[in-house]
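Hello,

Here is the structure I said I would pass on. Please open it first, then read my notes below.

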Amino acid sequence: MNKFKREAIRIGMRAAVRFPALLPRALAKYFKKLWNKNQLENARALYAAGNFSPRKEELPHGMRILDLSCTSGFGESVHPCARYIPEGIGEGRWRYVMTLTPLPQGIEYFENPEFLVSADGEEWRLPRGGKSPLIPAPSDWVGYNSDPALHCEGGKIYLIYRRSEYMRSGASVRLLVTETEDCVKWSAPSIMMEEFHGERELAVLMSPSVVRRGGEYFLWYVDGAGGVFSLMRARSGDMLGWREASAAEISGLPEGVEPWHAEVIEKDESELLMTLCYQRAGNYKSDRGIAFASSRDGGVSWRVFGDAIEPGKYHFCKKSLYKGSLLRDERGAFRLYFSGQDEENHWFTALKSSGLPL
């Protein structure tokens, strides 16, 4: 595609995003579709030419960048959620499972959930018979899926994810859930929650995380409706009918930051742990960090502890960090999976298995 045509599409796309009321809906959708297809062509050309790979750098003991080139995102990925299943699951009796989303060139249209398996939590692959991505991109080339999370219970894996669909006068944002017993065959998705907003007010129902305690399910997610980002908590008896959604309290965050993406796990019967990716208020594109927090009242209130992981120390996360995911491995030690963005805007997912403040 020549530069003139690409620039014309870019201008049309920006107008469709920034001034949705000024363009006929069909025209706005047309520009978005052209832009996403053009971005895919450029990404494929970049990776096919061999111009992309993580910059070689010396990382400390217990930290490594994962090779996730088996996914549809050419190895670039964000938003990991990893789980350890002691008894294993699926044909390979896989003990480690993970979901994440590709993000080649930062294009949200390709941010559709993947599902990977591993024997050791370090080398990852698609399960035999699995597909990439697990959740396909919308056929209209405009909406997208994002923010996946896993919940494991009773020999099943539940995949929760967020779908944004553009409609006549705004967009629908849903949390959906699908399940599997063999890592390959997944159920039809069911709706957990749904909200309708204007096209520029879609920072809602972000980064869901589910924990079951005392016979009930608890859900945490980040909501940025109205431009103020809060960590929300809701409860349910069946993972579908959620009630009592209210903002959780977080103490100890640095001044001037707000929640972006979070994940909650159970440490023991009395304590919950959370990895909280936070952002500078008003800066939604970069310079995000990852903090750790604890709750002893069921996730109603949280206390930040230990040292946060800030961007900039290593090249692979020089520009920013993304959501983190904690698990306890076969030795009882904690592992942190998280994503980072380098100075060329590529996203990598890394594993940190030592030096955590836990």
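**What I found**

Strand β15 covers residues 272-280, and Gln 279 is found in it. Strands here are DSSP runs of E with at least two residues, numbered from the N terminus. Before you go further: this is a predicted model, where local features need pLDDT of at least 70 and side-chain atom pairs count only at pLDDT 80 or more, while totals for chains, interfaces and linings use all residues. Residues are numbered from 1 along each chain as its sequence is written, and side-chain values use heavy atoms, with hydrogens and water left out.

Is Gln 279 buried or exposed? Gln 279 counts as buried because its relative accessibility is 0%. Buried means under 20% relative accessible area, exposed means over 50%, and partly exposed lies in between (1.4 Å probe, protein chains only). The side chains of Gln 279 and Arg 288 are joined by a polar contact of 3.3 Å. A polar contact is a pair of N or O atoms within 3.5 Å; within protein, one must be able to donate a hydrogen and the other to accept it, and residues adjacent in sequence count only if both atoms are side-chain atoms.

**The open sheet**

Four strands form an open sheet in the order β1-β20-β19-β18, with antiparallel pairing. Two strands pair if DSSP finds at least two bridges between them. β1 (63-65) and β18 (320-328) stand at the edges with a single partner strand each, so one side of each has no neighbour in the sheet. β18 and β19 (residues 334-341) run antiparallel and are joined by seven bridges. Gly 324 has Phe 338 in β19 as its bridge partner.

**The cores**

A nonpolar core is a set of buried Ala, Val, Leu, Ile, Met, Phe, Trp, Tyr and Cys residues joined through side-chain atoms within 4.5 Å. The largest one has 44 residues. Phe 338 is among those with the most contacts inside it, as are Trp 220 and Trp 302. β15 gives the largest share of this core, six residues. A second, separate core has 19 residues, including Tyr 158 and Met 239.

**Ala 262 and the cysteines**

Ala 262 is found in strand β14 (residues 257-266). Ala 262 is buried, at 2% relative accessibility. Ser 209 is 53 residues away from Ala 262 along the chain, yet their C-alpha atoms are separated by 7.4 Å.

Cys 277 is buried at 0% relative accessible area, and Cys 317 is buried at 3%. How many disulfides does the whole structure hold? The search finds zero, with a disulfide taken as a pair of cysteine sulfur atoms within 2.5 Å.

Best wishes
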